[in-house]
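Thanks for coming, everyone. Have the sequence and the model open while I talk. I'll go residue by residue, then step back.

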Amino acid sequence: MRLAENSKDSTGEFSFVLDKSFESNLQECNKRGIPYGVYIFTRGDTVEKIKKQANATVTYLKGLENRGIYFRPSYPVYGDFLEQSANTQMNVFYRGEYDKFVDMMYSFCKIIEDAGYFTGIYANRVSYNKVIEGA
């Protein structure tokens with residue numbers, strides 16, 4: 001289920017924007033015993049921006065328990081790195097900065113894993129093929 005995305009705020013920085021239905025969907029999954037994982041649309045074209053987004057994700061997820069909302073995903077917390085709009089990771093990839101692209105994905109996953117969650121990169125066949133064709 002979609003957790004959030006990082007959208008530009010009025011200053012041009014990316015901020016954590018929670019999906020409006022996330023908490024109610026999470027509570028329904030818990031109530032009905034439905035296994036779940038989550039994904040977040042990452043934005044930004046630097047490792048520092050991605051780390052900031054991953055840390056905001058962890059802060060939010062860890063804060064759920066403090067608010068009485070049970071969060072124990074059966075599946076990973078995925079980062080979606082394949083959005084194609086201005087100042088995103090795919091632009092880094094298309095510029096041929098492959099090491100930087102991998103560093104951004106690794107940084108996101110490391111922070112999520114260090115927080116105690118399984119993690120992964122969200123992709124579909126079309127986006128995966130674009131990455132492979134570009135390499």
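**Starting at Leu18**

Let's begin with Leu18, which sits in strand β2, residues 14-18. Keep in mind that this is a predicted model. Is Leu18 buried, exposed or partly exposed? Its relative accessibility is 31%, so Leu18 counts as partly exposed. To be called buried, a residue has to be under 20%, and exposed means over 50%.

What does Leu18 touch, once we leave aside neighbours within four places in sequence? There are contacts with Leu3, Ala4, Glu23 and Tyr60. Now look at Thr57. Along the chain, Leu18 and Thr57 are 39 residues apart. Their C-alpha atoms are separated by 9.5 Å.

**The whole chain**

Let's step back. How many helices and strands does the chain have? Five helices and five strands. Read from the N terminus, the order is β-β-α-β-α-β-α-α-β-α. Trace that on your screen.

The chain has 135 residues, and 42% of them are buried.

**Asp80 and its strands**

Next stop, Asp80. You'll find Asp80 in strand β4, residues 77-80. Asp80 has a relative accessible area of 8%, so it is buried. Again, the cut-off for buried is under 20%.

Which strands pair with β4? One is β3, residues 38-41. The pairing of β3 and β4 is parallel, over four bridges. Let's name two of those partners. Val38 is opposite Val77 in β4. Phe41 has Asp80 as its bridge partner in β4.

How does the chain get from β3 to β4? The path runs through helix α2, residues 47-66. This β-α-β crossover is right-handed.

In sequence, Asp80 and Thr42 are 38 residues apart. In space, C-alpha to C-alpha, they are 5.7 Å apart.

**Two residues in helices**

Now Gln89. Its place is in helix α3, residues 89-94. Is Gln89 buried or exposed? The relative accessible area is 0%, so Gln89 is buried.

Which residues does Gln89 contact, beyond four places in sequence? The list is Thr42, Arg43, Gly44, Ile50, Phe81, Phe101 and Met104. Gln89 and Val47 are 42 residues apart along the chain. Their C-alpha atoms are separated by 9.7 Å.

Val47 turns up again with Ser107. Ser107 is in helix α4, residues 98-114. With a relative accessible area of 9%, Ser107 is buried. Leaving out residues up to four places away in sequence, Ser107 touches Val47 and Lys51.

**The largest pocket**

Last topic: empty space. How do we look for it? Rolling a probe the size of a water molecule over the atoms shows where empty space is left.

What volume does the largest pocket have? About 160 Å³. Which residues line the largest pocket? Click through them with me: Leu61, Lys62, Glu65, Phe71, Arg72, Pro73, Tyr75, Gly116, Tyr117 and Phe118. By class, six of the lining residues are nonpolar, one is polar and three are charged.

**To recap**

Leu18 is partly exposed. Asp80 is buried, and so are Gln89 and Ser107.

Conventions:
Residues numbered from 1 in each chain as written. Predicted model: local features only at pLDDT ≥ 70, side-chain atom pairs only at ≥ 80, totals over all residues. Heavy atoms only, no water. Buried < 20%, exposed > 50% of the residue type's maximum accessible area, 1.4 Å probe, protein only. Pairing = 2+ DSSP bridges. Right-handed = clockwise from strand over helix to strand, strands pointing away. 1 Å grid on protein atoms, 1.4 Å probe; cavity = no way out; pocket = protein on both sides within 12 Å on 5 of 7 lines; lining within 4 Å. Points joined across faces, edges and corners; volume = space filled by probe spheres on them. Nonpolar A, V, L, I, M, F, W, Y, C, P; charged D, E, K, R; others polar. Contact = heavy atoms within 4.5 Å.
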